[in-house]
Amino acid sequence: MNPQRHLPALLRPLFLALCLSLPAIQAQETTVTLLSAAERDELWRVNQITPPAMPLAAPGSAPQLPERVLCLSQKNADGSARLVWRDYKKKAIVSQFFGSDKLLKSETVRQTGPAPLTQVERTVALYLSKDQSAELKALYGPDLASAQPFQEMLPIVTDQADARFAHRLVRFRFQKKRDPGPLADHVLIVVDLDERKVIESTRSEGAWEETPTLATPEAQAAIMAPGQVPQGAPRQTATVLQKFTLNFWKTPTTPVPSTTAWRVTFGIESHNGGSKIMFIEKADYSRDYKDDADANNDGWITILGDTRLAEINVPYNKGGPEYYDISDFSFGLHKLNKDSDGGPTCIGPKEVFFDCVLKELHDAQNYSLDKGGRTVRGQQMDLWSALSAANYSYIMRYTFHADGMIEMNLGPAAHNLTFPGTQQTQDISTHLHIGCWRITPVLGDARNVAVKEIKYISTSTTGSAATTQVADFNGGREGGIELRPQEYTMIRLESRTQKNTHQPPSPLSYDVITRTHGTARRYVDGASWSLKDFWVTLRQTAAGEPALDFRNLPDLAAARRSLTNAPIVLWHHASLIHRARDEDFGPVGTDPNAGIASTGYVGLMLKPRNLHPSSPFYKP
C-alpha cells in the first residue's frame with residue numbers, strides 16, 4: 001500500500017443520515033431534501049432506468065454487490081433532482097442530474113474520490129471482515145457475530161501507479177476491552193470492495209478508549225470525531241448586523257463620527273456533498289447607517305450573494321499523494337470556544353454560532369492619515385471557521401471592513417503528514433495548498449454586473465511611459481484568464497445600473513486584488529482549472545444545474561456563454577507552498593506530532609471603488 005493520509009476518527013454518516021444542501025444562489029435553490037422512495041422510482045420509470053438488484057449469493061457465502069450502488073438521492077425546491085452512484089464496473093463516481101421535468105439532463109463521471117458509504121456496502125464489508133480476518137476472529141472468539149467497528153472510513157489510494165487506484169476501500173477499526181486489565185486490543189482492517197477481500201488486518205494493543213459501540217445507522221450518525229460538529233447536521237444559517245462608528249478627529253478633543261454597517265447572512269453546510277464549509281449567503285452594506293426604521297438611513301445595498309471556499313487542492317511534489325479536501329472527503333468543522341479560540345475583545349464581544357463559527361470585532365489600524373497628522377482608526381468584523389481535515393486544520397476567514405472592503409482568506413495549520421526518516425526534510429514532502437473561491441457579486445443587481453480586466457502595461461517599447469488597459473473580461477464571455485504580476489492583473493466588478501452620489505456620479509465597483517505566494521500550474525488530468533487564475537461563468541450549467549464544482553470549470557466555461565444580463569460567478573484560486581522546516585517539529589528529529597506547522601494565509605481582497613461619493617470618514 002502507498003503511504004495513506006492519516007485520517008481522524010471520523011465516522012462517515014450513512015445514506016439515511018446524509019443531507020446535502022445546495023447554496024442559496026436563487027430562491028428556488030434554497031431547499032434541498034432527500035428523495036422519497038416513490039419519487040426515486042418515478043425518476044427511474046420516466047427515464048427507463050432499471051434499478052440495480054443485489055446479485056444472488058449462495059447460503060453462507062459473502063453477499064455480492066450490484067454493479068452500481070446508490071449513494072445519494074436528493075431533490076431541490078424547483079423540482080430538479082440528483083442521484084449519485086458508485087459504479088463498480090467503471091470504478092468511478094457517477095452523478096446524474098434530472099431537471100424539473102424529471103428527465104435526465106446530465107451525467108458526470110469522476111474517476112477518483114469517494115462517495116458516502118452505503119448500508120449495502122457496509123454490510124458486505126463487515127461480512128468480509130468477519131469472514132476473512134484471522135486477527136478479528138482471535139480477538140472476539142465466540143462473540144464474533146456481535147463485533148461492530150467503532151471507527152470506519154474510506155481510505156483513498158491517490159497514486160495512479162498503485163494497483164488498487166480507484167478501488168472502493170473501506171477501513172474498519174475494531175476494539176475490545178480485555179478483562180482483567182486497563183488495556184484493549186485493536187484490529188485495523190481494510191476491505192477492498194472491488195476485489196471482495198480483506199487486504200489488511202493488523203492487531204495491536206493500546207490504552208482503552210470508552211468509545212460507544214455502533215449498532216445502527218442512527219448511532220453512527222450521532223458520533224463524531226473529537227472537537228468536530230456533527231457531519232450529519234443540516235444546513236444552518238444566521239444573520240448578524242454589525243454597526244461601525246468611526247471618528248475623524250478635527251481636533252484632539254473634537255471627534256466627527258460616521259456610522260456604517262454590514263448585515264451578513266452566513267451558514268455552514270456540506271459543499272456539494274463533500275466536506276463542511278462556512279459560506280456567506282448574502283452581505284449587505286450601509287454607507288450611512290442609523291437604523292432600519294429611519295427614513296433618512298442610506299439604506300442597504302447587497303454586495304455579495306452566495307460566496308464560499310469551494311475547493312482545497314493539496315498536491316505533493318513527488319506526484320502523490322494529492323488531495324481535494326472538500327470534494328473528495330466529508331470532513332467536519334472544529335468546535336470553537338469564544339474565550340480560548342477568539343482573539344482579544346478589542347472593540348466588542350465575541351460570539352459563537354453553530355458551535356463552529358466565531359464572530360469577532362477588531363481594530364483595523366489606520367484607514368487614513370492626512371498631512372496634518374489627523375487619523376481615522378478602522379474597524380473590522382471577522383467571521384471564521386476551521387475545517388478539520390485529517391492532519392490539517394483550515395481556517396476560513398471572511399473580514400468585513402467599516403469602509404466596505406471585504407477580505408477572504410484561507411489559513412492552513414497542521415501537524416505535518418508523516419513521511420519516513422529524512423523524507424520530512426527533503427523535497428518529497430513539499431506541497432501546495434490551493435484555495436479555490438466561488439464568489440457571487442450582486443452590487444445591487446446581480447443581473448447587471450460587468451466584469452473587467454485591468455492591466456498595467458509597461459514594456460521596453462513604452463520606455464518611461466505606462467498605460468492602464470481596461471477591457472471586458474474574456475471578451476464578455478465565459479472563460480478564464482491568467483494573473484500576470486508584471487501587469488498587476490486585477491479584476492473589476494462594476495454595476496451597470498448602480499451609481500454613487502458623487503458629482504458627476506460613477507458606477508459602483510469593487511476591485512478584486514489577490515493575495516498569493518505564487519501561481520499554481522498543474523499539468524495533470526483533471527487539473528486544467530489551475531491553468532487560469534480567474535474564471536467567470538454563469539451560475540448554472542447548460543443543463544440548469546447550479547455550478548458548484550471548481551474542478552469542472554473548463555467544461556462549464558467551454559460553451560463561452562455571454563456574461564451580459566445574467567447573474568455570474570467569479571472563481572479564483574490562490575496558493576501557498578509548504579516546505580518543511582525545523583519549526584514544524586519538536587526539538588529532536590522530525591516527529592510531526594511533537595510540533596506544529598504555523599499558519600500561512602492566502603486569499604483575496606475586494607476593495608470598494610466608487611462605493612462612496614467621497615473619502616469615507618474624512619471631514620475636511
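Visitor: Why is Y316 called buried?
Guide: Its relative accessible area is 7%. Buried means under 20%, so Y316 qualifies. Bear in mind that this model is predicted.

Visitor: What makes Y323 buried as well?
Guide: Y323 has 3% relative accessibility. The limit is 20%, so Y323 counts as buried.

Visitor: How many aromatic pairs does the whole structure hold?
Guide: The search finds 16. Y316 and Y323 are an example: their ring centres lie 6.5 Å apart and their planes meet at 85 degrees.

Visitor: Why is the pair of Y316 and Y323 called edge-to-face?
Guide: Two values decide it: the distance of the centres and the angle of the planes. Pairing needs centres within 6.5 Å, and edge-to-face needs an angle over 60 degrees. With 6.5 Å and 85 degrees, Y316 and Y323 are therefore an edge-to-face pair.

Visitor: What describes the pair of F550 and W571?
Guide: F550 and W571 are 5.7 Å apart, centre to centre, with 80 degrees between the planes. That is edge-to-face too. The pair links distant parts of the chain. F550 is in the loop between β28 and α5 (553-557), while W571 is in strand β29, 21 residues away. Both F550 and W571 are buried.

Visitor: Which ring has the charged end of R86 over it?
Guide: The ring of Y88, with R86 at 5.4 Å from its centre. The distance limit here is 6 Å.

Visitor: What makes R45 and E42 a salt bridge?
Guide: Side chains of opposite charge can pair when their charged atoms come close. The closest N and O atoms of R45 and E42 are 2.7 Å apart. The cut-off is 4 Å, so the pair counts as a salt bridge. R45 and E42 are three residues apart in helix α1, about one helical turn.

Visitor: What does the salt bridge of R521 and E482 tie together?
Guide: R521 and E482 have their closest N and O atoms 3.3 Å apart. R521 lies in the loop between β27 and β28, and E482 in the loop between β25 and β26, so the pair ties together parts that are 39 residues apart in sequence. R521 is partly exposed, at 22%. E482 is partly exposed too, at 42%.

Visitor: How many salt bridges does the structure hold?
Guide: It holds 31. R235, E269, E281, D306, R308 and R438 are linked in a network of them.

Visitor: Why is L144 called buried?
Guide: L144 has 17% relative accessibility. That is under 20%, so L144 counts as buried. L144 is in the loop between α3 and β6.

Visitor: Which residues does L144 touch, not counting those up to four places away in sequence?
Guide: K130, L136 and K137. The C-alpha atoms of L144 and K130 are separated by 7.0 Å.

Visitor: Which members of the largest nonpolar core touch the most others?
Guide: W262, I303, F400 and W437, in a core of 75 residues. Strand β12 gives the most to this core, with six residues. Another core, of 23 residues, lies apart and includes V124, L126, L139 and V187.

Visitor: What is F400 in contact with, leaving aside neighbours within four places in sequence?
Guide: Its contacts include F244, W262, V264, I280 and M405. Q379 and Q380 are also among them.

How values were computed. Residues are numbered from 1 along each chain as its sequence is written. This is a predicted model: local features need pLDDT of at least 70, side-chain atom pairs count only at pLDDT 80 or more; totals for chains, interfaces and linings use all residues. Side-chain values use heavy atoms; hydrogens and water are left out. Helices (H or I, at least four residues) and strands (E, at least two) are DSSP runs, numbered from the N terminus. Buried means under 20% relative accessible area, exposed over 50%, partly exposed in between (1.4 Å probe, protein chains only). Contact means heavy atoms within 4.5 Å. A salt bridge is a side-chain nitrogen of Lys or Arg within 4 Å of a carboxyl oxygen of Asp or Glu. Rings of Phe, Tyr and Trp (its six-membered ring) pair if their centres lie within 6.5 Å; planes under 30 degrees apart count as stacked, over 60 as edge-to-face and the rest as tilted. A charge sits over a ring if NZ of Lys or CZ of Arg is within 6 Å of the ring centre and within 35 degrees of the ring normal. A nonpolar core is a set of buried Ala, Val, Leu, Ile, Met, Phe, Trp, Tyr and Cys residues joined through side-chain atoms within 4.5 Å.
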